[in-house]
Amino acid sequence: MTDPAPDSPEALIPQFVFERFLNQDSHGRRVILVGQIASKPALLTIERAAFSTSTSHLSAFVSSLRDVKNLGDNDIYRWYLARSGSPSSPSDSVPHDLKLNLIYPCTPKHIAKYTPQKLRYVTETPAIYAQHVRPWIEQQREAGRLTWVYNILEGRTEQEDVLFRSWDLESTEPDAKRPKLDGVDDSIEDDKRFLLLPDLNWDRKTMHSLHLLCLPARRDKWSVRDLRKADVPWLRDMLARLKAAVAQLYGKGGAKAGMEEDEAVEGDMLKFYVHYQPTYHHLHIHIVHTHLDAGATQGVGKALDLNLVVAILDALPGEEASMADIPLSYAVGEGSELWEKVWAPLANGDAVTA
């Protein structure tokens, strides 16, 4: 078989001479390089191909993983980094290129959650929320599904993963020695306490894909539906505290900031949102870098901009008005318990038993 001509498509890639890295997508799955081919400038985009779904490949794939490094665990949830490729390569010369999430032991509900399913777009009226969805949420909370959240808040698990703990500011040390948040009143009331954690899908090092979770310590707010007009001052204060905390961690000169100055995170590089319906019903706030690719979790039917929520609450009449008083639309999978227990019966005209 003859070699391809130097100017054929197949022959161009081997001739690429790397000069510099230009850009990377926020998930690290695509890089753009600048170089030359035959002394002419060239841009090369490299993207990871999709995983093969063949049974033979997948059965051998997991056993081929090496240098598995645990990132953390809580209850049945565990997170790792791993390397793929030939074990003949020196481990220290090949970066971890895979992130693994393990649920063990998992339940049929976990399997149903990750099984491909049709999505329905529904509008939850205040009446449907009060009569059907709120009772279903109460069942979820009573079933112990928030144990892992309380384990974190109460200091029993994942403490090595906590990036920021607001009540550390309550130290009895003299003011000159106490850590402070720039630009906010540092007096901490119980309902202002919160933790910052890395999201499971963040690699904890790429600033442009920064994704943090804020867990407020208070337990009376289950979701965005529990936010009232009277909570607007609390929400505005929380937003100010979160911006200051992220700046303290990842801003210029921050404790965990990247080595490059242009990686420093500024307040207007952050988006704050909540999910509805959320995965678990303890109010939590997502904090992401503006460069993070907006996937389904930031899309219409899932994410609500927290500043918009504050503006809606502020415009509602009466201090007792709340987000439970307005319709909210969202996507729900046919394989989810919420669809089976609430929305499918409503769609079919049957009684809701949740």
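This is a predicted model: local features need pLDDT of at least 70, side-chain atom pairs count only at pLDDT 80 or more; totals for chains, interfaces and linings use all residues.

Next I looked up where His 284 sits, and found His 284 in the loop between β11 (270-275) and β12 (285-289).

Is His 284 buried or exposed? I noted a relative accessible area of 6%, so His 284 counts as buried, the cut-off being under 20%.

I also checked the record: an unreviewed UniProt entry lists His 284 under "active site".

Then I turned to the helices. I looked up how helix α6 (residues 232-250) packs with helix α7 (residues 306-315), and got an angle of about 160 degrees, with the axes 10 Å apart. That angle makes α6 roughly antiparallel to α7, because angles over 145 degrees count that way. The crossing of α6 and α7 is left-handed.

Which residues of α6 and α7 meet? From α6 I wrote down Val 232, Leu 235, Arg 236 and Leu 239, and from α7 their partners Leu 306, Asn 307, Val 310, Leu 313 and Asp 314. By class, I have 6 nonpolar, 1 polar and 2 charged residues in this contact of α6 with α7.

Last, I took some totals for the chain. I have 8 helices and 14 strands, and buried residues make up 41% of the 354 residues. Among contacts between residues at least 6 apart in sequence, 59% join residues at least 24 apart.

Notes
Residues are numbered from 1 along each chain as its sequence is written. Side-chain values use heavy atoms; hydrogens and water are left out. Axes are lines fitted to C-alpha atoms, for helices over the stretch in contact, and angles run from 0 to 180 degrees between N-to-C directions. Helices (H or I, at least four residues) and strands (E, at least two) are DSSP runs, numbered from the N terminus. Angles under 35 degrees count as roughly parallel, over 145 as roughly antiparallel, 65 to 115 as roughly perpendicular and the rest as oblique. A crossing is left-handed if the near helix is turned anticlockwise from the far one by less than a right angle, and right-handed if clockwise. Contact means heavy atoms within 4.5 Å. Ala, Val, Leu, Ile, Met, Phe, Trp, Tyr, Cys and Pro count as nonpolar, Asp, Glu, Lys and Arg as charged, and the others, Gly among them, as polar. UniProt positions are given in the numbering used here, feature names are shortened, and annotations may be inferred rather than shown by experiment. Buried means under 20% relative accessible area, exposed over 50%, partly exposed in between (1.4 Å probe, protein chains only).
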